[in-house]
Amino acid sequence: MAVGALTGAGTAVADTAPQTQGGATATIGALKTYGEAVIHQTGGDERVAAGLFEMSVDGGGTLQTYCVDLRNPTQRDARYQETPWSGTSLGTNKDAGRIRWILQNSYPQVNDLAALARRAGAQGLTEQDAAAGTQVAIWRYSDGAHVDAVDPQAEKLADYLQKSARGLAEPQASLTLDPPAVSGRPGTLLGPVTVHTDAHSVTVAPPGDAAISGVRIVDRTGKPITSAQDGSRLFFRVPEDAADGVAQLTVQASTTVPVGRAFTSESRSQTQILAGSSESTVSATAGATWAAKGAIPALSAHKDCARGGLDITAANAGDRPFTFQLMGAEHTIPAGASRTVTIPLQEDQAYDFTITGPGGFAQRFTGVLDCRTQGTVTGKTTQTLSEPVPASVGGTTGTLGPTDLAATGGTSVTPLITGVAIGLVVIGGAVLILLRKPETPTND
C-alpha cells in the first residue's frame with residue numbers, strides 16, 4: 001500500500017473518503033439481445049458478439065447497456081457504479097455526445113422496429129439486428145474501430161446511426177450530493193450539501209449513531225429533514241458539546257436512470273453506457289467532520305481522465321492552515337479555503353493509499369484508473385489485469401452464445417483468478433508509486 005503522510009493542525013477523525021458520486025450501483029449479467037459483428041484489423045478479421053447487456057441494480061431495478069470499451073472483456077458478475085463521463089474514456093472523447101444521440105434514437109429507446117428500419121433504409125429489423133447495429137455504430141465512435149455488422153440489415157442501421165448522429169450534452173446524474181464532504185465546528189450547521197436528482201423526491205437517512213451522538217440532518221432553519229427534492233440543501237446539526245468526530249448521511253430514491261450515463265467497474269471490466277432503465281434504486285452519501293479547534297479538513301476524491309489521475313479535494317473549515325505532503329509535494333490549504341490536488345497515475349494502475357494526520361485523522365483512497373480504451377487492435381488477443389490468460393477482444397468465431405463469448409469474461413474459476421490478480425495489481429501499483437520519481441501534482 002502506498003501511504004501519503006498528511007500533517008497539520010486539527011484532531012478530526014475520518015476513515016473513509018467519498019469516491020463515488022452517487023447514482024445506481026449494479027451487477028452485470030450476460031449479453032441478452034445481440035447479433036454478430038466483424039472487427040477488421042491488421043492481423044485479420046475477427047467475429048464478435050454485439051448487443052445489449054443487462055444489469056441488476058442494488059435495491060431493485062434493471063439496466064440495459066451497450067459497451068464503450070470494445071477491446072476489454074466484460075467480467076461476469078462484475079459490480080458497476082454510475083460514473084460521470086469525466087471518469088471514463090468518454091471524458092476525453094470528442095464524439096461522446098454522438099454516442100448519446102445514437103442511444104436516444106435507436107433500440108431499445110426506439111422499440112418500433114419497423115419505423116427504425118424505414119429510417120435506416122433496411123428491409124426489416126429483428127431485436128437482435130437492432131441491438132447489433134446500434135452497438136456497431138457506438139463502437140465506431142467510442143473506440144474508433146473499423147467494425148461492421150454481419151447481418152446486412154443491421155449494417156444499414158449502423159451506417160444510418162453513424163451518419164445521422166449529432167453531439168448532445170452529457171446527461172445529469174440520477175442522484176448526487178454536492179459537495180460529498182463538509183466540515184466545521186460543533187454547535188453549528190455543517191453544510192450545505194445540495195441534492196441533485198431527476199427523481200421526484202429522495203429519502204434522507206440520518207447518521208447511524210444519531211441517537212447517541214445527537215447529530216441531526218436539518219434544513220437551513222434547523223428543522224429536521226427526512227425527505228428532499230432536487231435542489232434541496234441539507235445540513236448536519238452537531239451538538240455544541242459533541243466530541244470531535246465524523247458522521248455520514250445517505251439519500252435514496254427510486255427513478256429511471258438517464259440514458260447515456262456511464263457505468264464503470266473497479267474490476268477492469270468493460271465500461272458500459274446506459275441504453276435503458278426500469279424504475280431503479282439510486283443512492284448517494286455525504287460525510288461531515290467536526291472539531292473544536294484547529295484545522296478541520298474535509299476530503300473527497302474522483303477520477304479525472306483529462307488529467308490522467310485522481311483529484312483529491314481538500315477543504316479546511318478551521319481557523320488554522322491545513323498542510324500535508326502527498327507524492328513528494330507539500331500542499332497547504334488556508335483556513336476557510338479549498339484546493340484540489342491531482343495525483344498522477346498510469347493507465348490501469350491500481351491505487352491504495354491513506355492520508356493520515358494527528359489526532360487519528362485518516363482517509364483511505366482505493367481504485368483503478370481506467371480512462372482509455374485499448375490501443376489499435378493488431379490481431380493479437382488482449383490480456384486484461386483480471387485475466388492471467390489471453391482473451392479475445394470481443395468474442396469468438398462460430399456459433400455464439402452468452403457463455404461462449406470472451407466479452408462475458410466468466411468461467412467457473414473467474415472469482416478465484418480475479419481475487420489473486422487484483423491482489424497482484426495492488427502490489428504492482430504500490431511498487432510503481434514507490435519507485436517512480438516524485439512528481440508535483442497539479443493544483444486547481
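Guide: Let us begin with a term we shall need: a strand here is a DSSP run of type E with at least two residues, and strands are numbered from the N terminus. Threonine 194 has its place in one of these, strand S9, which covers residues 189-197. Please keep in mind that this is a predicted model.

Visitor: Why does threonine 194 count as buried?

Guide: The word buried is kept for residues under 20% relative accessible area, and threonine 194 has 16% relative accessibility, so it counts as buried. Leaving aside neighbours within four places in sequence, threonine 194 is in contact with Thr176, Leu177, Asp178, Gly231, Ser232 and Arg233.

Visitor: What makes H3 and H4 oblique to each other?

Guide: The axes of helix H3 (residues 127-142) and helix H4 (residues 152-164) come within 8 Å and cross at roughly 40 degrees. Angles under 35 degrees count as roughly parallel, and 65 to 115 as roughly perpendicular; the two helices are therefore oblique to each other. Their crossing is right-handed, and the residues making the contact include Ala130 and Val136 of H3 and Leu157 and Leu161 of H4. By class, this contact has nine nonpolar, three polar and four charged residues.

Visitor: How do you know that both faces of strand S8 are covered?

Guide: In S8 (residues 181-184), Ala181 and Ser183 lie on one side and Val182 and Gly184 on the other, and all of them are buried.

Visitor: With which strand does S8 pair, and in what sense?

Guide: S8 pairs with strand S17 (residues 279-290) in the parallel sense, over four bridges, and within S17 the bridge partner of glycine 184 is tryptophan 290.

Terms used:
Residues are numbered from 1 along each chain as its sequence is written. This is a predicted model: local features need pLDDT of at least 70, side-chain atom pairs count only at pLDDT 80 or more; totals for chains, interfaces and linings use all residues. Side-chain values use heavy atoms; hydrogens and water are left out. Axes are lines fitted to C-alpha atoms, for helices over the stretch in contact, and angles run from 0 to 180 degrees between N-to-C directions. Angles under 35 degrees count as roughly parallel, over 145 as roughly antiparallel, 65 to 115 as roughly perpendicular and the rest as oblique. A crossing is left-handed if the near helix is turned anticlockwise from the far one by less than a right angle, and right-handed if clockwise. Contact means heavy atoms within 4.5 Å. Ala, Val, Leu, Ile, Met, Phe, Trp, Tyr, Cys and Pro count as nonpolar, Asp, Glu, Lys and Arg as charged, and the others, Gly among them, as polar. Buried means under 20% relative accessible area, exposed over 50%, partly exposed in between (1.4 Å probe, protein chains only). Two strands pair if DSSP finds at least two bridges between them.
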